[in-house]
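Student: Hi! I've just opened this one and could use a hand finding my way around. Can we go through it together?
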Amino acid sequence: MGKLRHTIAVVDDDASIRRSIGRLLNAYGFVATEYASSEAFLGHYEGTDAACLVLDIDLDGGISGMELQRRLKTAGSNLPVIFITALEDHRLQAEAERVGCIAYLRKPFAGSDLIAAINKALGL
């Protein structure tokens, strides 16, 4: 019997970051689905089998990562969220932790830190 491959949704407006994270996740046996915006993710959310969400807080235009997290919570979602950001903002970090993120990683972060956070989110 094969090992279950968990799907991880990655939302970041930077295509190179999305690709890098996607490659890292694939190398560790996860299936990565990539979205350039919160709106793109929400457009596929009902049909997604994502087990975890890697979410940039500071998305250009549209719905911010923090607002996406709020909307998911309001809708009753228990999808674990790992925030990633290039911002150095302690208030934002405190807010992210208050809404229940699994981890808050500042770019550039070690790939091992992201994998550890995903494993924690999935109970692996």
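Tutor: Happy to! This is a predicted model. Let's begin with β4, which is covered on both faces: Val81, Phe83 and Thr85 are buried on one side, and Ile82 and Ile84 are buried on the other.

Student: Why do those residues split into two groups like that?

Tutor: In a regular strand, side chains alternate between the two faces of the sheet.

Student: OK. How many of the five residues of β4 are buried?

Tutor: Five of its five residues are buried.

Student: And how do β3 and β4 pair?

Tutor: They pair in the parallel sense, over four bridges. Leu53, for instance, has Val81 in β4 as its bridge partner.

Student: What about β5, parallel or antiparallel to β4?

Tutor: β4 and β5 (residues 103-106) run parallel and are joined by four bridges. Phe83 stands opposite Tyr104 in β5. Between the two strands the chain crosses through α4, and this β-α-β crossover is right-handed.

Student: What do β3, α3 and β4 make?

Tutor: They make a right-handed β-α-β unit.

Student: Let's look at α3, then. Which of its residues are buried?

Tutor: In α3 (residues 65-74), the buried ones are Gly65, Met66, Leu68, Gln69 and Leu72. They cover an arc of only 160° around the axis, so they sit on the same side of α3.

Student: What covers them?

Tutor: The cover includes α2 (38-45), β3 (50-56), β4 (81-85) and α4 (90-98). Just after α3, Gly76 takes a positive phi of about 90°.

Student: Switching topic: what does the UniProt annotation say about Asp56?

Tutor: The unreviewed UniProt entry annotates Asp56 as "modified residue: 4-aspartylphosphate". In the model, Asp56 lies in strand β3.

Student: Is Asp56 buried or exposed?

Tutor: Asp56 counts as buried because its relative accessibility is 3%. Leaving out residues up to four places away in sequence, Asp56 touches Val11, Asp12, Asp13, Gly65, Ile84, Thr85 and Lys107.

Student: Which residues does the "Response regulatory" domain cover?

Tutor: The unreviewed UniProt entry gives that domain as residues 7-122. Over that stretch the chain is 45% helix and 22% strand, with its end C-alpha atoms 11 Å apart.

Student: Last one: how many disulfides are there in the whole structure?

Tutor: A search of the whole structure finds zero. Cys52 is in no disulfide, and the nearest cysteine sulfur, in Cys101, is 11 Å away.

Terms used. Residues numbered from 1 in each chain as written. Predicted model: local features only at pLDDT ≥ 70, side-chain atom pairs only at ≥ 80, totals over all residues. Heavy atoms only, no water. UniProt positions renumbered as here; feature names shortened; annotations may be inferred. Disulfide = S-S within 2.5 Å. Buried < 20%, exposed > 50% of the residue type's maximum accessible area, 1.4 Å probe, protein only. Arc of directions from axis to C-beta. Contact = heavy atoms within 4.5 Å. Pairing = 2+ DSSP bridges. Right-handed = clockwise from strand over helix to strand, strands pointing away.
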